[in-house]
Amino acid sequence: MAEIRLDKLRKEFGKLVAVRDVTLTFPTGTVNCLLGPSGCGKTTLMRMIAGLETPTAGEVYFAGERVTHLSPSQRNIGMVFQYPVVYRGMSVYRNIEIPLIEIKDLSPQERKRRIESVLETLDLAKFAKQDVSDLDNGTRQKVSVARAVARQPKIILFDEPVTNVDIGSKTQLKRALKQLVKQHNQTIIYVTHDQTEAMTLADTILLMLDGEIVQTGAPRELYDSPRDRFAGFFFGNPGMNFIPCPVEQHNGSSTLGKPLFAQPMRVTGLTGQPEVTIGIRPERVRVLTETAANTVPATILREAMVAGGQRLLTLKVGATTLKAKVPPTDTFRAGNTVHVECPVEHVVLFGSDERRLEAALQA
Ligand SMILES: Nc1ncnc2c1ncn2[C@@H]1O[C@H](COP(=O)(O)OP(=O)(O)O)[C@@H](O)[C@H]1O
Ligand SMILES: [Mg+2]
């Protein structure tokens with residue numbers, strides 16, 4: 001059992017409220033990614049869980065037991081920070097071994113087995129005898145990870161562990177983390193501002209803004225049903241498009257039309273809003289060379305290569321711009337006229353308070 005429960009956890013720094021009464025449970029054996037922009041309180045929240053920061057109010061429980069008053073060492077958790085923490089002047093092997101020696105009922109054979117296993121997973125075996133002082137930052141960070149993981153604590157906290165390592169180590173470290181986090185039924189909290197990382201690692205993503213958790217869910221859930229415009233924009237690369245659209249009346253029904261739909265589209269569940277905001281992810285926008293049912297004409301303003309070899313088109317549709325992610329082809333060039341379809345099943349509607357509406361477009 002390594003469930004972590006936070007009860008109205010709060011941290012103030014003078015007038016600034018860094019963490020605002022957060023109540024949450026991280027179930028045993030899950031990987032939880034805390035995702036949010038810089039300064040939203042992620043590190044402060046982690047440090048309170050670790051015992052490195054005293055909460056202004058609220059409690060922390062591990063496996064049902066209150067630990068709020070316990071020191072970091074009494075909490076027995078593993079931690080990996082943004083910058084590698086290693087014992088300089090010692091070998092990689094020794095760095096991983098030291099915390100294991102403190103575990104009383106661990107036999108020397110088991111100790112050796114654990115060290116060799118993490119060295120292998122993190123591709124560190126070839127550095128085992130080297131002094132950590134002689135290694136680059138990325139490799140040192142791998143040593144930090146190896147050390148935290150080899151102890152096999154029930155809880156491990158990662159605070160942006162790949163942010164400050166070079167691209168090569170980053171990819172390797174991410175791959176290793178993905179393997180490691182699933183091995184020991186540990187409860188993991190992983191802080192990142194990088195949503196791609198969160199998407200690949202997490203069972204659950206906790207989206208944070210201004211000291212509060214604004215949405216919690218499986219990656220897919222956050223992707224498909226952002227609770228508000230912030231979630232839609234922050235989660236996605238690039239984020240969701242937001243296009244204002246007036247609500248019109250046609251034959252007694254509320255409809256949405258220009259700029260995104262050629263024909264009026266019936267929408268149910270609206271409660272008298274004169275206007276809504278249409279949210280659609282760039283990868284959901286269909287870009288065609290010919291007109292089709294319910295396409296609107298658009299001009300390609302810009303095109304750029306993005307990750308995965310895809311192309312990101314910036315389109316002008318009526319008076320607004322719309323981003324679309326398309327597979328790599330030579331068809332789409334800046335200046336071209338194309339035809340755009342926004343499939344209703346991928347459209348999310350937002351109200352003037354920026355919250356997602358329960359309203360739905362009819363196909
Ligand atoms: N020790 C501190 N003293 C004063 N303000 C702090 C301290 N630590 C963090 N803060 C402030 O609290 C807010 C949250 O910071 P932090 O938890 O580091 O955010 P994140 O990790 O999401 O970038 C920020 O506005 C930051 O400036
Ligand atoms: Mg931080």
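Which residues of α6 are buried? I began my notebook with that one.

**Setting up.** I am working with a predicted model, in which local features need pLDDT of at least 70, side-chain atom pairs count only at pLDDT 80 or more, and totals for chains, interfaces and linings use all residues. I number residues from 1 along each chain as its sequence is written, letter chains from A and number ligands from 1 in the order in which they are written, and take side-chain values from heavy atoms, leaving out hydrogens and water.

**Helix α6.** I found S169, L173, A176, L177 and L180 to be the buried residues of α6 (buried is under 20% relative accessible area, exposed over 50%, partly exposed in between, with a 1.4 Å probe and protein chains only). They sit on the same side of α6, because their arc around the axis is only 105 degrees (taken from the directions from the helix axis to the C-beta atoms). On the face turned away from that buried side I see the exposed residues I167 and R175. I also noted what the buried residues pack against: α4, α5, β7, β8 and α7 (contact means heavy atoms within 4.5 Å).

**Salt bridges.** I counted 17 salt bridges (a side-chain nitrogen of Lys or Arg within 4 Å of a carboxyl oxygen of Asp or Glu). I looked up E97 and R111, whose closest N and O atoms are 3.8 Å apart. This pair links helix α3 to helix α4, 14 residues apart, and both E97 and R111 are buried. D123 and K126 meet at 3.4 Å, N to O; here D123 is partly exposed at 35%, while K126 is exposed at 58%. Lastly, I jotted down a network of salt bridges linking R10, E12 and D21.

Terms used: Helices (H or I, at least four residues) and strands (E, at least two) are DSSP runs, numbered from the N terminus.
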